[in-house]
Amino acid sequence: MRNAALGLALLSFVTVAPQPLAAQQAPPTGQAAPAQPPRGNPADTEVWEPVPKVVTPGATDAAPPSDALVLFDGKNLDQWVATRDKSPAKWIVADDTLTVDKRAGNIETKRSFKNYQLHLEWRIPPGVTGAGQGRGNSGLFLASTGAGDAGYELQVLDSYNNKTYANGQAASLYKQSIPLVNANRKPGEWQTYDVIWTAPVFKADGSVTSPAYVVVFHNGVLVQNHVELKGETLFIGKPVYKKYDTAPIKLQAHGDPSPPISFRNIWIRELP
Ligand code: MG
C-alpha cells in the first residue's frame, strides 16, 4: 500500500516536472525553429525601483490588511458622524454589527477621501418585507458631496428575487450603471462589496478634467468594471458633476418601511 502511494507520488512528480526550455518553446508543427537566438540584453527592460512597500494581508481577504484604516470593526462609531449636523452617529451597534436607525438619518465618515479601495459587508434582515425599492434599501455613497443623498451611490437593496428597475437594483451605480450580473445572497446572509473608487478631477472653474471611475465586486463577483460616471447619482434627472476635492463616505438611512439592514467590517485603503 505504501509502495503504491509512493509510486503515485513519483508519477505526479514526473508529470509536473519542468520541461526543458526547448520543449516549452517548440514551434508549431511545420514551422522552422528560429535561426538566431534573441538579440539584446534582458536587463535593459528590468525596472528595480520604486520597490513596493510591504503590506501584510489580513487573515482572510475580507480582513483589513496592515495599511487599512478601519472604519467599523464592530465596536463603536468613532469614525462616523450624522450627515445632517455632524453630531456623533447614532445608529445601533450590537453584536459586532451596525444597524441603520432610520430616524437618525444618513451617517458619514469623519474623514474625507479621494481615491481608495474599500471593503464593506451588509446584510438584509431575515424576513425582510416590502417590494421593489422598498425592500432593504440603503446605500454606500462613494463620495458624499453634501446633505441628504448628495454624492455617488452604490445601491444597497434586497435584490434576491425582488424586481425593480435594473439601474436601481443592488450593486447598481444608482440610475447610471446596471450591474453586470445579479450576485445577491439571500436575506439573512452577509454580503460583501469591494470597491475601487477613482475620484473625479476638476479644473478650478468646476469643469471636469477626468470623470469618476468605479470597480465593484459583489460577493467576490465583478459587477462594475471600470465604469465611468456621468456625474452624481440622482433620484430625478440626468447626472451632473459638482466640483469637490475630498469627500466623506456615507451610508444611507432610507425611508422605506422595511426593517433596517446591517453593516459590519468596513475598511479603506487610500490610493494615490
Ligand atoms: Mg439606496
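## Contacts and overall make-up

Residues 24 or more positions apart supply 63% of the protein's contacts with a separation of 6 or more, a contact being two residues whose C-beta atoms, placed from the backbone, lie within 7 Å. This is a predicted model: local features need pLDDT of at least 70, side-chain atom pairs count only at pLDDT 80 or more, and totals for chains, interfaces and linings use all residues. Residues are numbered from 1 along each chain as its sequence is written.

## The nonpolar core

The largest nonpolar core holds 42 residues. Such a core is a set of buried Ala, Val, Leu, Ile, Met, Phe, Trp, Tyr and Cys residues joined through C-beta atoms within 7 Å. Leu140, Leu142, Val195 and Val214 have the most contacts inside this core. Its largest share, four residues, comes from strand 7.

Val195 is worth a look: beyond its neighbours within four places in sequence, Val195 touches Leu118, Leu142, Leu154, Val214, Val215 and Val216.

Five strands make an open, antiparallel sheet in the order 2-5-14-7-8, where pairing requires at least two DSSP bridges between two strands. Strand 2 (80–82) and strand 8 are the edges, each pairing on one side only.

Strand 2 pairs with strand 5 (residues 107–109) over three antiparallel bridges. Val81 has Glu108 in strand 5 as its bridge partner.

Key: Buried ≥ 20, exposed ≤ 12 C-beta atoms within 10 Å, placed from the backbone. Helix = DSSP H or I, 4+ residues; strand = E, 2+ residues; numbered from the N terminus.
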